[in-house]
Amino acid sequence: MLRFPRSLSSSSFIPTQLTLSRSLRQLNARSSSRCHPKSDNDDNIHRREDNQGAPLHLYKSKGQHILTNPRVLDSIVRKSHIKPTDTVLEIGPGTGNLTLRLLQAARKVVAVEIDKRMVETLHKRVAEKGFEDQLTVICKDALKTKFPQFDLVVANIPYGISSPLVAKLVYGDKPFRSATLLLQKEFARRLLANPGDSEFNRLAVNVKLVADVEFVMDVSKRDFVPCPKVDSSVVIIRPKAEIPDVNLDEWSAFTRTCFGKKNKTLGATFKGKRKVLELLRLSRTTCSTESANNGDNYDCSNNTAADDDDEEVDSDEVDCYSSSCSETQMSVFKDKIIGVLKSGGFEAKRPSKLCNKELLHLLALFNQAGIYFHDQSKPRVRDADNIELAAAFSS
C-alpha cells in the first residue's frame with residue numbers, strides 16, 4: 001500500500017477521476033513549475049485508500065474545477081477583508097478548500113452547493129476541523145434558491161452560471177458589503193470593461209449601474225484540478241450606496257435595444273422600420289394606460305402589450321400592427337425619435353462608447369417625449385431572487 005509522507009495531510013482537496021499516480025505527477029509538476037518550495041501549509045491530495053472506493057469524479061461540463069493553490073486561496077480570503085462577525089455566502093464550495101479558510105476568518109459560512117456528493121465531502125472535512133457549528137449548507141441550485149441574509153460573498157463560481165449569478169447578486173434584495181469572485185478571465189474582462197473598450201457590453205453597463213467592479217488578480221488554469229481550458233481572474237464587486245432613480249424594466253429593455261448592435265450608430269438603430277413600429281406600439285400602449293388612468297379618451301385600437309419587454313417583439317405581431325398604422329403615423333413617430341436623438345447629440349454616437357450617465361440621459365429624453373421601451377401598462381412584479389431577473393440584465 002502506498003504511504004504518504006506526514007506533510008501530505010488530509011486538509012486538502014479530494015482527488016478527481018484522475019488516478020492517484022497521475023494526480024501525484026500533476027502535483028509535482030505544478031510545484032516544480034512555480035519554483036517555490038512546498039510548505040506544511042500547502043493543500044495536497046486528500047488520502048483515500050483503495051478499499052474506500054473510487055476517487056470523487058468531477059464534471060468539467062458542470063464547472064467543477066477545484067482551486068488547489070494555497071497561496072491563491074489565502075490571497076482571496078485576505079483581499080475579502082472578512083470581519084470576525086461576518087456571515088459569508090459561498091457559492092459552489094466543492095470539496096471545501098476555500099470553505100475551511102473562510103470558516104477560520106468569519107463567524108458563519110453559508111455554502112450553496114447543488115452536488116450532494118460535494119456536500120457529503122464538505123461536511124466530513126469541516127467536522128474533522130471542528131467547524132461544523134459555523135457552517136450551513138444549502139443543497140440547491142444557486143440560481144433558483146432564495147439566499148439568506150449575508151455580509152459578504154466569497155466564491156469560486158462555476159463558469160456556466162457567472163452572468164446570471166452576478167446579476168442576481170447585484171440586483172437582489174439582500175444588501176451586502178462586497179462580493180469577491182473567481183471568474184473566467186474573459187468574463188472578468190467583460191465585467192471590468194469601460195466605454196470604448198472592445199469588450200464593453202450590456203452586462204458591464206447593467207452591473208455598473210448599481211455596483212463598482214475592481215480587478216484583484218489573475219489565476220492560472222494550472223492552479224485547478226481538473227485543469228480548465230482557460231485562465232481565471234478574481235474581482236471584487238461593491239454595491240453602490242446610491243443608485244440612479246430609473247425604472248429597471250425600462251432600463252433593461254432600453255439597453256437591450258442599444259446593445260443589440262453596440263457598434264452601430266444610434267441613428268441607424270432607431271431608423272429601422274421594425275424598430276419604429278415596435279416603439280410606436282409600446283409607446284401608444286403606455287400613453288393609452290396613462291390617459292385611461294387620468295380619465296382621458298384615447299384611441300389605441302389594435303394595440304396589444306408585449307409579452308416580454310426583454311425579448312425582441314415577435315415579427316408576426318409587428319407585421320400585424322403595421323397594417324393598423326398609416327404611413328403618416330409611422331413617419332411622424334420616426335421623426336419624433338430622430339428629433340430626440342438630435343436634441344441630445346446622440347444620432348451619430350455608438351452605444352459601445354457611451355457611459356451610463358449618457359445612456360441614462362438619453363433614456364430620460366425618450367421618456368419625456370413619450371417614447372418607451374417597456375410595456376408600462378403591465379408592470380412586472382419581479383422576485384429579486386428569480387433567475388428571470390438575472391437573465392434580463394445579463395444577456
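H81 is exposed, with a relative accessible area of 57%; exposed means over 50%, buried under 20%, and partly exposed in between, with a 1.4 Å probe and protein chains only. Phi of H81 is near 55 degrees, a positive value in a residue other than glycine. H81 sits in the loop between α2 (70–79) and β2 (87–91). Helices here are DSSP runs of H or I with at least four residues, strands are runs of E with at least two, and both are numbered from the N terminus.

A word on the source. This is a predicted model, where local features need pLDDT of at least 70 and side-chain atom pairs count only at pLDDT 80 or more, while totals for chains, interfaces and linings use all residues. Residues are numbered from 1 along each chain as its sequence is written, and side-chain values use heavy atoms, with hydrogens and water left out.

Staying with the backbone, V225 and P226 are joined by a cis peptide bond, with omega about -10 degrees. P226 is in the loop between β8 (224–225) and β9 (232–239).

Now the aromatic rings. Rings of Phe, Tyr and Trp (its six-membered ring) pair if their centres lie within 6.5 Å; planes under 30 degrees apart count as stacked, over 60 as edge-to-face and the rest as tilted. How many aromatic pairs does this rule give? The count is nine.

Take F254 and F373: their ring centres are 5.1 Å apart and their planes at 70 degrees, so this pair is edge-to-face. The pair links distant parts of the chain, with F254 in helix α8 (residues 248–259) and F373 in the loop between α13 (356–368) and α14 (387–394), 119 residues apart. F254 is buried at a relative accessible area of 0%, and F373 is buried at 3%.

F373 has another partner in F270: the centres are 6.0 Å apart and the planes at 80 degrees, so this pair too is edge-to-face. Because F270 lies in helix α9 (residues 266–271) and F373 in the loop between α13 and α14, the pair ties together parts that are 103 residues apart in sequence. F270 is buried, its relative accessible area being 0%.

Which cluster do these rings belong to? W251, F254, F270, F366 and F373 form one aromatic cluster.

Last, charges over rings, counted if NZ of Lys or CZ of Arg is within 6 Å of the ring centre and within 35 degrees of the ring normal. K168 lies over the face of F147, at 4.2 Å from the ring centre. K349 lies over the face of F346, at 5.4 Å from the ring centre.
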